[in-house]
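Let's take a friendly look at a protein model together. Have the sequence and the 3D view ready as you read.

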Amino acid sequence: MELILAHHSSYPRIGDSADHQLLRRTIAQWEKGEKTDADLRAAEDRMTELALSDQIEAGLEIVTDGQVRWYDAISHLAGKLEGIRITGLLRFFDTNTYFRQPVVQGQIERTQPLVVGDFQFAKGKSSRPVKPVLTGPLTLARHSVEGDGRAGSLEQLIESYAAALTSEVSDLAAAGASLIQIDEPSLLKHPEDLPQVERSLEAFGAAKGSSQLMLAVYFGDPAPIYEKLQALPVDALCLDFTYSSSLVGIVSTQGSAKPLALGLVDGRNTRLEDPRTVAGQLEKIARRLGSARTWLSPSCGFEYLPRDRAQLKLKHLRTIREEFLGSAE
Amino acid sequence: MSREKLQKLGIDLPFFPTTSVGSFPKPDYLLKARGDFAKGKISREDLEEKSRQATEFWIRKQEELGVDVLVDGEMYRGDMVAYFAEQLRGFEEGGLVRSYGNRYYHKPIITGEVRWEAPITVGWWKYAQDLTEKPVKGMLTGPYTVMDWSFNEFYPGRRETCLALAKEIRREVEALIAAGAKIIQIDEPATSVRPEELQVAIEGLRAVTEGLSAYFITHICYGAFEFIYPGMLEMPVDNFDLEMSNSGLDMLELFKRHRFTKDISFGVVDVHSHVVEEDFVVEERLRQALDVLPKESIWVDPDCGLKTRTVEEATAKLQALVKVAKALRD
């Protein structure tokens, strides 16, 4: 089994050193009118570069921009769309972090790129392939609310978001993204929404050109819908293994029709996994998947970790792979 | 039922007792002192002096407004989990993680066996209670929330962590009771986020309170109650302090379908809004509560801690709810 080290999505935008506090400081000063928009962009650029260099130095082969510009996984995308107003804070899944809720006020339309610019910047600064990440239409819709006097269905809302994101996928592909990740953590909470996710992925598939689409599900156990995930029109799946006691067993008995990103390293806890235990899980899976291309990844973004621990966990991915390759010899 | 329990504890409350969830805004001089202390510019004694001054300010303010069951306002706390993590053994302070926007906090890491070694809140509770004849609530964070809001590098799983914490937090409850606290609130705001773990939260709270003689309250917020109701009624407490106004009183619909069997501290003002509710808004919320809940079970308070409001906004919100509760009482 070829094992590629790939980051999941977000990365800490802060750390304990003064250098790592640049963005926090700049935002605080920008809010008081002491820094310009250009200053803020420059600080975001700098934190993006630091997120990239941490990943590259740790030996990751697929990196992300760390989403350091994102206020949160929902409003960063929804807030750039027409027809949406961003409002108060709500808790994001079981993370004890908060997102700003979009209120749908009119027809949703994408009149500007959402993350294409961020992707291009990161690509220009990285010696490794950069994977852009989009929050999927189901997760956006499930975290939005209809404004006064509107009574659209959830299904329509998912479709509207999907239409906007389809243009984004097309532009990301044109900008040179070889792998695009669509995050749908809400799918594990609402497996009944699978048909809508399937339709949106079909639309993305028609727009993706030669790039590959990866669907990422996390903050829950994918085991109960594993077979259904396999049937979705995407090129690869990224799975969170930390909520499930049965997923390793399922993958190693049923195999996988698609390349998998194995989220075996916990993005939500600072404890470093025992490399031998994870290597053992990888061996089990490898026996079934054979020579298939596979990614080793965190279970979710790393923004939930303090920076020092996030750095350790990135390096830990390589340690685990060495343990796996060593024991496989 | 719970009213009898209060009477047995020697506490006689009017209908619609008014109270607060816990935190109040810190006055400017205290915020400055906390900043100075962090930079090493002032001593711990100086900081505590300022915290006492602010606690006294809030006790006097609540008395002046006519609140029935007081809180110390948590002037000495930064964060509701980190504060306890700093005082219990077995924790380390982690690096900064983001809460939202440009807000960050040091999330604690459990690196060893957790152990209660000395009272944590008792000194503050006593200081506040000595200032007033009204009852002051003892205020703690519950084991499930401390577990969920910390990293864990020591215990094998979430349940084991929660139960280990429960055993130690119980010792703080015992110390509060020994000092004379009759009403103790154990906050569990994390309870609603993983409905499948409700039993773990219940088990934890049971280990904290079982067999102890006090009137227990728990505060839960951030919605998603539809997934844990009515199961949450099994929690071994007398009173649920719930955020009602922020969600447009949606929970009353759940109470209609399945009877709410405990006392309730009914949140009648939204803590996330700068706007102070007009009297008729508060009154309407209470009247809707009365349509569904027995009069003798209802306490009146804000949705959540008021610490993110200004001193003036917090005062005005408390004033509004006290005024309406008193008017309806008569």
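How many aromatic pairs does a search of the whole structure find over all chains? The search finds 19, where rings of Phe, Tyr and Trp (its six-membered ring) pair if their centres lie within 6.5 Å. This is a predicted model, in which local features need pLDDT of at least 70, side-chain atom pairs count only at pLDDT 80 or more, and totals for chains, interfaces and linings use all residues. Residues are numbered from 1 along each chain as its sequence is written, chains are lettered from A and ligands numbered from 1 in the order in which they are written, and side-chain values use heavy atoms, leaving out hydrogens and water.

**Aromatic rings**
- Tyr218(A) and Phe219(A) have ring centres 4.7 Å apart and planes at 85°, so they pair edge-to-face (planes over 60 degrees apart; under 30 is stacked, the rest tilted).
- Both Tyr218(A) and Phe219(A) are buried (under 20% relative accessible area, with exposed over 50% and partly exposed in between, using a 1.4 Å probe and protein chains only).
- One aromatic cluster is formed by Phe92(A), Phe93(A), Phe99(A), Tyr218(A), Phe219(A) and Tyr304(A).
- In chain B, the rings of Phe57(B) and Trp58(B) are also edge-to-face, with centres 5.1 Å apart and planes at 75°.
- Phe57(B) is partly exposed at 31% relative accessibility, whereas Trp58(B) is buried at 0%.

- Ser10(A) counts as buried, because its relative accessibility is 8%.
- Leaving aside neighbours within four places in sequence, Ser10(A) is in contact (heavy atoms within 4.5 Å) with Gly66(A), Gln67(A), Gly301(A), Phe302(A) and Glu303(A).
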